[in-house]
Structure formats: structure tokens, C-alpha cells
Amino acid sequence: MNALAATNRNFRLASRLLGLDSKLEKSLLIPFREIKVECTIPKDDGTLATYVGFRIQHDNARGPMKGGIRYHPEVEPDEVNALAQLMTWKTAVAAIPYGGAKGGIGCNPRDLSKSELERLTRVFTQKIHDLIGIHTDVPAPDMGTNAQTMAWILDEYSKFHGHSPAVVTGKPIVSGSLGREAATGRGVVYATEALLAEYGKSIKGMTFVIQGFGNVGSWASRLIHEKGGKVIAVSDITGALKNPNGIDIPELLKHKEATGSLKSFNGGDSMDPNELLVHECDVLIPCALGGVLNRENAADVKAKFIIEAANHPTDPEADEILSKKGVIILPDIYANAGGVTVSYFEWVQNIQGFMWDEEKVNQELKKYMTKAFHNIKNMCQSHDCNLRMGAFTLGVNRVARATILRGWEA
Ligand SMILES: NC(=O)C1=CN([C@@H]2O[C@H](COP(=O)(O)OP(=O)(O)OC[C@H]3O[C@@H](n4cnc5c(N)ncnc54)[C@H](O)[C@@H]3O)[C@@H](O)[C@H]2O)C=CC1
Ligand SMILES: O=C(O)CCC(=O)C(=O)O
């Protein structure tokens, strides 16, 4: 099932549990604005290349729209639409005053030089600068983008509107927030701890398999390792490796930093990346692409818990198979909300012109993640549903209430 159909399906199931009427359902589902732009840049060799960029602004009933910008060859409008909608429910689950948006450019950032990436980011910003803003839509990093990308967007945007650090989050520390780079991975760990505590378990001594070793996957791995969890398999686009005794994550981070790859690390054996998702473990954490758990592999998954650090890693068909097997899934719109929560702290700091220390950022993040988990559990009890529907009903209900209060449902 494609990402948008899957997201719409989860929304409709939640809407039914909440008893929303069809007019309100429609107004919650239809995106506010869909932007598509062609970005032509000179390549380093003098030829011209054109890339298609999107920004889908889904909903602003609860505040400015918020969400990352992804650079990946598979970026296409339906998926960006789904990701934008997920942001609307995620910011509501996290109880931060934002709506949802997402953007992306169809390109392979690994094939572009740094100066080509800078030119592409600046052209994209020139095309959308009038449609984003501190109180309208605030982008952030996602797959294939990082703090440097955000610094280029800020610089280009500021040429048109004056210096405006709060127009993007996930920026370098000079005007960003301490703790933002680690925030999604840290939030994943807080969420995992909250879930495991329900089962009388903790991270220490449990086995973890992690798909993706970029921003989210590497921070989640590092923090799990620090807490005594055993990361027994990891993968990225360059390959996968396993070690039943636990991978030395600090050494792997050094190896990745030095070589740019997981390949030829001597602290583990290489493995088939497709086997990674069905590898024996206590906790599986997908931290890369959407739809990786699907009807082809769901029946073979051996993990007892799945923490959705990636956005929409589980196809609805897989959801059904996994839930019949008794696998507990912590859904993306909660599990990876640490990133956007610290983005909110960054935005607040930029607007106030006052920087928090890292301890305060992490303490506040833990407070928001813990509270959201308990709010989700309450929805699970009152609607007799699983964690995904608990999170969806929580998020959709908050957005529905704001929509009605603003008189937008008609
Ligand atoms: N960066 C953030 O703050 C947030 C990211 N997310 C989600 O987390 C996921 C990862 O994002 P980031 O870590 O920021 O991206 P990133 O670009 O820093 O890292 C992505 C990682 O996935 C790996 N990867 C790509 N294709 C793969 C494949 N076929 N098999 C295995 N690994 C593969 C890459 O090699 C890389 O290690 C995405 O789904 C993103 O939407 C969610 C919330 C916030
Ligand atoms: O930090 C943000 O504003 C958005 C992060 C994001 O794109 C996501 O949570 O999927």
C-alpha cells in the first residue's frame, strides 16, 4: 500500500473511533497547500541539472506548520503528502503548538558535491521563501539533510526577509539549539524506556537491531549502548553487520566517521541487509525508509517490540500480521517526536533570543515524551485500541478540537 493510502487509512480508523463526522473528517484530511517547484542548478562540470522539489503544508489549526525537508531519490508527492499529514498528528501527540508540513527534493545527495547541494538548497529556498516563515511554516532536517542544509536555507531566506533564525530549526549551534542533533534518537530512547517500563523491563541487557545509521539511528545506537543495551545488528545504505555479543558502537561511530561506511568494520560480521529486519532480537528499531516492514517479511519478524524511529516504516498489512503475532509496536508519530519537540524548543529560544543549556533541553524533552506516552495509554484504554490507534486518536482529536474552535469544519 502506498504511504498516503496507508496514512489515510490510519487516520480514518482513528476518526471512526472518535466518531468524527464526515465533513470534519474531510477538512482534516485535505492538505492546506501543495507546492511543487523545478530547481535548475549548474553542476560542477558546467552542465545544467533540474530537480523537482515539494513542500506540502498539511494543517495549521494548532499553529505554524512544521516538518522536515528530505533529499532522497524516491521523494514523490504522495509520500511527502503522507509525511506532512503524519507531522500534523505528531505535533498534536507531542502537545507542541504546531501543525504539520513536509518537503523534499528528488535527488541523491550522495551523488552531489557540497557546492552542488548548496546551490540546490538555495534555489529551492528562492522558490518557496514567500510560502514559509516563522509563523507560517518552519522547515527542519530529515533524511539526506542536516544542520548545514538548514544554515543555507536560513541564509537564503534572510536575504529576502532579514535575519530570521526561527524560520528553520535543526540549525548549527551558532543559532540552533543544544541537543537538537541528538534529539530524535534521544526521544526514541525515552519512548523505548517508557514502553519497556510497562512490561517491567529496561534497556540494560536487552538486544537491539537498528536499521539506518544516520542521524537518528546512530544517536539511538549510541544512547542504547550507553544504557547497557546490546546492539547486535545495524545497517545503512552501504551494508549491514552483526555481532551476537553486541557491537562496540563508539568504535563503529569512529569507523563510520573515518570511512563514511559500515563496511570492513572489524568488530562484527557482515550480513544480508534484508535479513536484518527478521534477525532474532528483543527490540527492532527501523531508522531509515518507509514501508520496510510489509507483507513480504512481517511474518518472519522475531522482535518482541518495534520502535518506529523512521516515519511510516510499517505497512498496514504488516501491522495486522505483527499484531496477530503479539509484537508490540510503538508508532512513529510518538516514537520519533523527540526531534520536532526539540525543534520547538529551538524555535522558542530563537524567538526569545535566549539559549538553554543542554541539560534543560534534555530534561524538557523527557518530560514531553513521558507525558505523551501516558496520554496515548489513556486513549488506548478509553478506546480499547492498540498504541498506533492510541496515538492517532490523541493527535487527531486535538487537531479536530482546534479546527472546530476556529470554525473551520464547515
Ligand atoms: N532527522 C530527524 O530529526 C528526524 C528523522 N525522522 C525519520 O528518521 C528516518 C531517518 O532519518 P535521518 O536519520 O535523519 O536520516 P539520515 O539521512 O541522517 O540517515 C538515514 C540513514 O538511513 C540509511 N539508509 C538509507 N537507505 C537504506 C536502506 N535501504 N537500508 C538501510 N539503511 C538505509 C542511510 O545510509 C543512513 O544511514 C527517516 O524516516 C526520517 O523521516 C523522524 C523524525 C525526525
Ligand atoms: O524537527 C522538525 O521540525 C521535523 C522533524 C521531522 O521531519 C519529523 O519529525 O519527521
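Predicted model: local features only at pLDDT ≥ 70, side-chain atom pairs only at ≥ 80, totals over all residues.
Ligand 1 lies between the two domains, because domain 1 (31-164) and domain 2 (176-410) both give residues to the shell around it. The domain bounds come from an automatic or database domain assignment. Residues are numbered from 1 along each chain as its sequence is written, while chains are lettered from A and ligands numbered from 1 in the order in which they are written.

Staying with ligand 1, 25 residues surround it, where a residue is near a molecule if its C-beta atom, placed from the backbone, lies within 6 Å of it. The closest are Gly212, Gly214, Asp236, Ile237 and Gly339. Helix α7 (215-226) gives the most, with three residues, and strand β7 also supplies at least two. Helices here are DSSP runs of H or I with at least four residues, strands are runs of E with at least two, and both are numbered from the N terminus. By class, the shell has 11 nonpolar, 12 polar and two charged residues. Ala, Val, Leu, Ile, Met, Phe, Trp, Tyr, Cys and Pro count as nonpolar, Asp, Glu, Lys and Arg as charged, and the others, Gly among them, as polar.

Next, ligand 2. Its shell also takes residues from domain 1 and domain 2, so ligand 2 lies between them. It is surrounded by 13 residues, and Gly68, Ala140, Gly339, Val340 and Ser343 are the closest. Two or more residues come from each of β3 (65-72) and α12 (338-352). The classes are two nonpolar, eight polar and three charged.

Now the domains themselves. Their C-alpha centres lie 23 Å apart.

Seven strands form an open sheet with mixed pairing, in the order β9-β8-β7-β6-β10-β11-β12; a pair needs at least two DSSP bridges. β9 (269-271) and β12 (328-330) are at the edges with a single partner strand each, so one side of each has no neighbour in the sheet. Strands β7 (230-236) and β8 (239-242) pair in the antiparallel sense over four bridges.
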